[in-house]
Amino acid sequence: EEEAPPVAAAVPSVLWASRLQPEAAAEQILLRGIFEIGRDSCDVVLSERALRWRPIQPERPAGDFQYDLLCKEEFIELKDIFSVKLKRRYSAKQQGSGTLLGITLFICLKKEQNKLQDSTLDLINLSEDHCDIWFRQFKKILAGFSNRPKSLKILLNPQSHKKEATQVYYKKVEPLLKIAGIKTDVTITEYEGHALSLLKECELQGFDGVVCVGGDGSASEVAHALLLRAQKDAGVEADSILTPVQAQLPLGVIPAGSTNVLAHSLHGVPHVVTATLHIIMGHVQPVDVCSFSTIGKLLRFGFSAMFGFGGRTLALAEKHRWMSPNQRRDFAVIKALAKLKPEDCEISFLPFKSSQDLQERRAQESPKSDCNEQWQMIQGQFLNISIMAIPCLCSVAPRGLAPNTRLNNGSMALIIARNTSRPEFIKHLKRYASLKNQFNFPFIETYTVEEVKVHPRNNTSAHNPEEEERPHETASENSFPWNVDGDLMEVASEVHVRLHPRLINLYGGSMEEMNDSKAT
């Protein structure tokens with residue numbers, strides 16, 4: 001199990017030199033020796049933070065610029081190494097463990113546009129004793145990264161995006177997890193809600209994290225299940241709680257669906273290898289979560305929601321799942337625009353102050369204390385209402401559906417589109433795909449909020465079973481469709497949305513990286 005796979009692809013060592021070197025003066029040297037790297041014999045030094053090497057060259061006159069350039073020191077930081085294996089050569093006639101060639105290090109490289117890439121670095125030395133000393137030291141160093149998972153529960157949705165999720169996992173994800181030495185327990189979900197029912201009763205003590213392979217609907221279901229499980233284990237009644245208990249395990253999201261808004265927002269790019277390496281490296285990102293409830297009943301946890309045009313579009317798309325994901329999305333958008341009509345609503349919201357104020361206010365409230373002088377209310381005809389706790393980056397909105405929102409700033413974006421003409425509303429939608437400000441329209445209003453209540457004032461625009469083509473087969477006469485993280489939620493009454501800061505940890509990039517990508 002400690003041997004390097006023969007197919008490991010190495011990246012030329014010149015790539016390491018372009019990165020900023022950490023200060024080495026005060027570092028303790030752990031090992032020093034000679035290895036062949038590339039085609040050069042190198043003086044290799046292992047310190048507390050980095051592995052450094054410099055080609056061994058014949059002595060040249062001082063000041064020889066070309067010589068100095070050739071002998072430039074290169075390095076990798078130890079925190080970027082995720083596995084170490086012994087490199088051996090096997091032949092058909094040879095018995096036993098093969099001929100030792102050296103040590104292979106598996107590296108996580110940072111690339112452009114927030115992407116991560118796996119690479120290898122071979123340290124060639126034929127001495128068994130020499131390699132054994134170095135190998136044991138590398139293993140000891142890797143064992144010190146206690147935040148990295150050793151065992152993961154994998155939930156795989158085989159129906160995601162043209163049924164490609166299974167192929168994505170076994171071809172791209174599982175090989176990297178095996179190299180990293182991470183144990184996995186894979187469950188292939190068989191129906192909608194399977195992950196929810198499984199995580200309610202599943203023994204989770206032996207796992208360091210849960211990974212979802214699928215689209216936004218799958219990821220949202222698993223996040224909802226982990227949070228429900230946390231409330232149950234803490235003995236908390238979910239229907240009446242104002243401050244839920246944080247999920248016990250981090251959640252990894254492998255983007256393998258028709259839409260990957262959560263993964264895109266988390267990593268800055270919907271890239272399978274990037275998502276996998278964030279999990280392997282143990283990069284954990286706290287993320288805000290919304291709770292959606294009606295009177296006295298929790299409906300679900302989620303990250304974003306749309307009511308009105310966004311909800312109706314999803315309801316139409318769900319009825320045409322026999323189409324390809326892109327086809328049904330385009331069809332649903334065109335159909336919803338053709339039948340564009342506003343919802344008569346009353347919207348109440350609590351403006352955002354600070355996360356600390358929110359926690360203090362929640363601690364003092366009771367479940368029935370909805371009245372507060374700070375609540376604001378607007379009424380009217382609305383084409384769409386978006387409530388988002390994350391930026392919601394996606395292919396059709398590269399800046400995000402809520403570009404001014406962060407993953408854990410303790411607030412939600414409330415974006416309201418009042419009634420307007422169809423051409424003006426289409427102009428607004430088209431702006432999401434460009435760099436222009438999609439909110440620079442007189443009928444668009446944006447707010448930064450902590451809580452929102454959406455109350456439809458009549459049912460004239462609810463689903464009508466007598467329509468020739470109902471938006472969704474299970475729609476009832478008095479229900480309104482909501483799009484919650486790509487899942488259809490039908491509710492007949494007022495929906496109360498609360499923001500819960502940092503309620504779940506997701507495997508992903510840092511906020512600094514996310515902010516850099518947004519600035520770009």
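Me: What makes the largest nonpolar core a core, and which members touch the most others?

Reply: A nonpolar core is a set of buried Ala, Val, Leu, Ile, Met, Phe, Trp, Tyr and Cys residues joined through side-chain atoms within 4.5 Å. Buried means under 20% relative accessible area, exposed over 50%, partly exposed in between (1.4 Å probe, protein chains only). The largest such set holds 57 residues. V222, L226, L251, V287, F303, F425 and I504 touch the most other members. Helix α6 (residues 216–233) gives the largest share, seven residues. Helices (H or I, at least four residues) and strands (E, at least two) are DSSP runs, numbered from the N terminus. In soluble globular proteins, nonpolar side chains tend to be buried together.

Me: What is F425 in contact with, beyond its neighbours within four places in sequence?

Reply: Contact means heavy atoms within 4.5 Å. By that rule F425 is in contact with F309, L337, L340, L383, N384, A417, T420 and F443. Another core lies apart from the largest one.

Me: How reliable must a residue be to count here?

Reply: The model is predicted: local features need pLDDT of at least 70 and side-chain atom pairs 80 or more, while totals for chains, interfaces and linings use all residues. Numbering runs from 1 along each chain as its sequence is written, and side-chain values use heavy atoms, without hydrogens and water.

Me: Why is the pair R52 and E73 called a salt bridge?

Reply: A salt bridge is a side-chain nitrogen of Lys or Arg within 4 Å of a carboxyl oxygen of Asp or Glu. The closest N and O atoms of R52 and E73 are 3.6 Å apart, so the pair meets the cut-off. R52 is in strand β3 (residues 50–55), and E73 is in the loop between α1 (65–70) and β4 (74–77), 21 residues apart.

Me: Why is R52 called buried, and what is E73 called?

Reply: R52 has 6% relative accessibility, so it counts as buried. E73 has 23%, so it counts as partly exposed.

Me: What makes K110 and D80 a salt bridge?

Reply: Their N to O distance is 3.8 Å. K110 lies in strand β6 (residues 99–110) and D80 in the loop between β4 and β5 (81–89), so the pair ties together parts 30 residues apart in sequence. D80 is buried because its relative accessibility is 3%. K79, D80 and K110 are linked in a network of salt bridges.

Me: Which parts does the pair R300 and D487 tie together?

Reply: The two side chains meet in a salt bridge at 3.6 Å, N to O. R300 lies in strand β13 (residues 297–302) and D487 in strand β20 (residues 487–491), so parts 187 residues apart in sequence are tied together. Both residues, R300 and D487, are buried.
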